[in-house]
Amino acid sequence: MLSEGRRPRARRAPAVRPREYKLQTAVADILRAHALPEWRWSHFPAGEWRGLITGARLKRMGLMRGWPDIQLLSPIGRFYGLELKREGESLTEDQEAFQLWAIQKSVPYSVAYTFDEALAALDTWSCLRIKIG
């Protein structure tokens, strides 16, 4: 209970951090609209929650943890990986292991926490018909 004359302390509004889904769909929209036609790309649907039976089936079929959210293939068959993370979150151990492997093997790989970071990676890889920035 507050004594007379004291006001309750104002609480800060929690920082708004868009869900990873929003970033994922924004990047997919850009790729759908502006990816060069000779490039191929796809989302890697490994992060969503699934029931035990579905999860076990996918694991049995070879689904591996840690692979990047967006996987791209250049016209010459070079693999590019783009991991999308919600701001404030960090890579899982499996994602860190994949990132380390990619660095060691000189595989183009980037982690983006914002739409601008994702666009910068795609621009660096020259896979879009538009120029960013």
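**Close-up views of a predicted model**

**View 1. Q71 sits in strand β2.** The model shown here is predicted. Q71 has a relative accessible area of 18%, under the 20% cut-off, so the residue counts as buried. A polar atom of the Q71 side chain lies 3.4 Å from the backbone oxygen of P68. Beyond its neighbours within four places in sequence, Q71 is in contact with R40, W41, S42, F44, F79 and Y80.

**View 2. Helix α1 spans residues 20-34.** The helix has 15 residues. From first C-alpha to last, α1 reaches 21 Å, close to the 21 Å expected at 1.5 Å a residue. Its buried residues are L23, Q24, V27, A28, I30 and L31. Seen down the helix axis, these buried residues fall within an arc of 160°, so they line one face of α1. The face turned away from the buried side carries the exposed residues Y21, K22 and R32.

**View 3. Strands and a helix cover the buried residues of α1.** The cover includes the strands β1 (40-43), β2 (70-73), β3 (79-84) and β4 (109-112). Helix α4 (115-124) is also part of it.

**View 4. The largest nonpolar core has 19 residues.** Those with the most contacts inside this core are V27, L31, L72, L82, L84, L122 and W125. At least two core residues come from each of α1, β2, β3 and α4. Leaving aside neighbours within four places in sequence, L72 is in contact with residues including L31, W39, F79, L122 and W125.

**View 5. Another core lies apart from the largest one.**

Conventions:
Residues are numbered from 1 along each chain as its sequence is written. This is a predicted model: local features need pLDDT of at least 70, side-chain atom pairs count only at pLDDT 80 or more; totals for chains, interfaces and linings use all residues. Side-chain values use heavy atoms; hydrogens and water are left out. Helices (H or I, at least four residues) and strands (E, at least two) are DSSP runs, numbered from the N terminus. The expected span of a helix is 1.5 Å times one less than its number of residues. Buried means under 20% relative accessible area, exposed over 50%, partly exposed in between (1.4 Å probe, protein chains only). The arc is that of the directions from the helix axis to the C-beta atoms. Contact means heavy atoms within 4.5 Å. A polar contact is a pair of N or O atoms within 3.5 Å; within protein, one must be able to donate a hydrogen and the other to accept it, and residues adjacent in sequence count only if both atoms are side-chain atoms. A nonpolar core is a set of buried Ala, Val, Leu, Ile, Met, Phe, Trp, Tyr and Cys residues joined through side-chain atoms within 4.5 Å.
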